[in-house]
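Student: Please take a close look at one part of this model. I would like each term with its cut-offs.

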Amino acid sequence: MMKKMLLMLLVVFATQFACAQQAQKVFDAFRSEKKAEYTSVPGVLMSLAGSKVKDNNVAAVLKEVKSARVLRLGNCKKRTRKKFAEQVAALSKEGYEEYARTKQGDSDVLVMIKKDDELIHEIITCVYSDNNCVGVLVKGDINPEDLGAIVDMMGD
């Protein structure tokens, strides 16, 4: 009985760990594409930026970020850009939930989040059009209220 419980716990933790890596796997798969541009910003720099920002909500979010990654696929083939956008959207099957979806000009914008009951742990944003594609992956322990205040501020 104890072995079964231990095995079940191991399977649950392994599954959660594998799901938590899904967005990063999408980025890793596409960052090596020909003409892709990839930038990673460590949490220390995000926290430093947070200490310089005057808006309290923006500062709080920046201090809660552990890392930010930006993937630009604008110079890649159209099918590469489309495939990336499709894989980001497919993260909804991996425990991510859609936070926002909108259209800005000719671009589709999709924001997906991975969270628990209290905090957002990952935010992945994909801006896709026929001519461009940019993905942003933010990891951290972000308070949803801080993020909501920033979204409200942007909407004004």
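Tutor: A disulfide here means a pair of cysteine sulfur atoms within 2.5 Å. By that rule the count is 0. Cys 126 is thus in no disulfide; its nearest cysteine sulfur is that of Cys 133.

A word on the source. This is a predicted model, with residues numbered from 1 along each chain as its sequence is written. Local features need pLDDT of at least 70, side-chain atom pairs count only at pLDDT 80 or more, totals for chains, interfaces and linings use all residues, and side-chain values use heavy atoms, with hydrogens and water left out.

Both cysteines are buried (relative accessible area under 20%; exposed is over 50%, partly exposed in between; 1.4 Å probe, protein chains only). Cys 126 has 3%. Cys 133 has 0%.

Cys 133 is in contact (heavy atoms within 4.5 Å) with Gly 74. Leaving aside neighbours within four places in sequence, Gly 74 also contacts Arg 81, Asn 131 and Asn 132. Gly 74 sits in the loop between S2 and H5. Helices (H or I, at least four residues) and strands (E, at least two) are DSSP runs, numbered from the N terminus.

Helix H5 (78–89), strand S3 (97–104), S4 and strand S5 (120–128) each give two or more residues to the lining. By class, the lining has 6 nonpolar, 1 polar and 3 charged residues. Ala, Val, Leu, Ile, Met, Phe, Trp, Tyr, Cys and Pro count as nonpolar, Asp, Glu, Lys and Arg as charged, and the others, Gly among them, as polar.

The side chains of Lys 103 and Asp 108 form a salt bridge at 3.2 Å, N to O. A salt bridge is a side-chain nitrogen of Lys or Arg within 4 Å of a carboxyl oxygen of Asp or Glu. Lys 103 is exposed, at 51%. Asp 108 is partly exposed, at 37%. Arg 101 pairs with Glu 98 at 3.0 Å, N to O. Arg 101 is exposed at 55%, while Glu 98 is partly exposed at 44%.

Ser 107 lies in strand S4, residues 107–115. Ser 107 is buried, at 15%. Not counting residues up to four places away in sequence, Ser 107 touches Thr 102, Val 127, Tyr 128 and Ser 129.
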